[in-house]
Amino acid sequence: MPVMKNVNDKSTDVVQLAHGGGGRMMHQLISEVFASIFDASGLDCSNDAALLPGQQSRIVFTTDSYVVDPLFFPGGDIGCLSVYGTVNDLAMRGARPAYMSVGFIVEEGFPINDLKRIAESMRASAQHAGISIVTGDTKVVDRGHGHGLFINTAGIGFVDHDLVIGVENVQPDDAIVLSGDIGRHGLAVMACRQELALETSIESDCASLAEPILKLIDARIDIHCLRDLTRGGLASALVEISESCRAEIVLNQAGIKVLPQVAAACEILGLDPLYVANEGRFVLFLPAEQVNLALEVIDRSCADSKPVVAGRVSAVGNPRVILRNEYGTERVIDMLSGDQLPRIC
C-alpha cells in the first residue's frame, strides 16, 4: 500500500494535504479536533449524513466541500461532482434527495464562461438526480488566494421507509455487494493533470447513486449499511465500517473489478486501486439470501457498471478487513495512512 505521509509524524503541528485524503490522518483530524469540540452526540462521524427526527418523514442532512483540481476532467467537472457527491451522501442513508444549497468561493479573475459552464453542469445534474438547488451564496476572494473556484454544498433528504441504514446495523454473515469497477475517478483526475502526461481514455465514474438505492428499497431489500467509495477508496471505506461496528470483513479479490486501463495507470503511478477514489460506486451490506435480487436491481439501474459480490462479514468482535486471493492467500487491509491522490474531489 503506498503511503505518502507518516501518520505518526509529529514534526509539524499543521494541517497537511494528507489530512484531506479520506484515510487515517483525516479520521484523526476529525476525531481530535472537531468531534472533541463540537457536540459529539449530534455529530455523526460514522456515516455519510446525519439522520434527524421529523414530523412525518425522517430527515437526512449532509454537507461537503469540493476542491478538485483541475475543475474540468474526463467524465465530469466540479459542478456535477458537487451535486452528485451531495446526493450520494443522502442516498447512503436511504434518503430521497430533496433540497440542496450551494456556496461558491471564486477567485478574482476566474472566467465567467467557465462559471456558466459549471453552473449549467450543476443544473443538469440536479435535474437528473431529482434534487432542487434552493439557496446559495457567492464570495469572491483576492487574485492568487482562491485556486480558481471552491464549492460548498449542503443537502436535505427524506426517509419514507422503516429501514435504519448505517454501520450500526452490520450483521454477521452479511453479504457485501460492490456496485461496479473501482478506481476510475481518481485516475481520471490525475491523468489529466499536466504533470503526469498520461495518455489514457479513463473517464470518471461520477454519477448519482440515488436511483439504484431507492429501487433497492422499493424492492424490499433489507439494506443494513451503505457507503459510497470516495476518498480513500474501497479499502478505507471498509476498514472504517469494520472498526465502527467491530466486524471482520473478508474480501474476495476475484470479485473486485478494475478496468485494464485503470490497472495499468495504477501500476505506472505506484498506486493500489483499492485506495483510489470513486464518485459513482458504493458497497451494500445485506442478508445473503437477498443478494441475487439486489444484483438484478443494481444491474438494471446502473448503466455503466456491473455489480458483484465482493465479500462478506465473517464475524463480529474482531475488527479487520482481509483480502483473499484466488489461491486462498490472505492479507490484512489497513486504512490509507496518508494521501495517494490530493484534491481529487
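Pro70 is placed in the loop between strand 2 (58-66) and strand 3 (72-73). Helices (H or I, at least four residues) and strands (E, at least two) are DSSP runs, numbered from the N terminus. The peptide bond from Asp69 to Pro70 is cis, with omega near 10°. Most peptide bonds are trans, and most residues other than glycine have a negative phi.

The model is a predicted one, in which local features need pLDDT of at least 70 and side-chain atom pairs count only at pLDDT 80 or more, while totals for chains, interfaces and linings use all residues. Residues are numbered from 1 along each chain as its sequence is written, and side-chain values use heavy atoms, with hydrogens and water left out.

The protein chain holds eight helices and 14 strands. Its radius of gyration is 19 Å, close to the 20 Å that the globule rule gives for 345 residues, so the chain is as compact as a globular protein of that length. This radius is taken over C-alpha atoms, and the globule rule is 2.2 Å times the number of residues to the power 0.38. Along its principal axes, the C-alpha trace spans about 55 × 50 × 40 Å. Of the 345 residues, 51% count as buried. Buried means under 20% relative accessible area, exposed means over 50%, and partly exposed lies in between (1.4 Å probe, protein chains only). The chain exposes about 15900 Å², and carbon and sulfur atoms supply 51% of that area. Accessible areas come from the Shrake-Rupley method with a 1.4 Å probe; for residues, only the protein chains shown count as cover. Among contacts between residues at least 6 apart in sequence, 85% join residues at least 24 apart. A contact means heavy atoms within 4.5 Å.

Helix 5 covers residues 210-218, and its buried residues are Ala210, Pro212, Ile213, Leu216 and Ile217. The cover over these residues includes helix 2 (78-91) and helix 8 (291-301). Strand 5 (96-107), strand 9 (225-228) and strand 11 (282-286) are also among the covering elements. After helix 5 comes Arg220, with a positive phi near 65°.

Two further arginines have a positive phi. For Arg246 the value is near 55°. This residue lies in the loop between helix 6 (233-245) and strand 10 (247-252). Arg246 is partly exposed, at 46% relative accessible area. For Arg343, phi is near 50°. Arg343 sits in the segment after strand 14 (330-333). Its relative accessible area is 21%, so Arg343 is partly exposed.

A search of the whole structure finds one aromatic pair. Tyr99 and Phe158 form this pair, which is edge-to-face, at 6.5 Å centre to centre and 90° between the planes. The pair links distant parts of the chain: Tyr99 is in strand 5 and Phe158 in strand 7 (residues 149-159), 59 residues apart. Rings of Phe, Tyr and Trp (its six-membered ring) pair if their centres lie within 6.5 Å; planes under 30 degrees apart count as stacked, over 60 as edge-to-face and the rest as tilted. Tyr99 is partly exposed at 40%, and Phe158 is partly exposed at 23%. Elsewhere, Arg117 lies over the face of Phe72, at 3.8 Å from the ring centre. A charge sits over a ring if NZ of Lys or CZ of Arg is within 6 Å of the ring centre and within 35 degrees of the ring normal.

A disulfide is a pair of cysteine sulfur atoms within 2.5 Å. The count by this rule is zero. For Cys225, the nearest cysteine sulfur is that of Cys245, 7.1 Å away. Cys225 counts as buried, at 0% relative accessibility.
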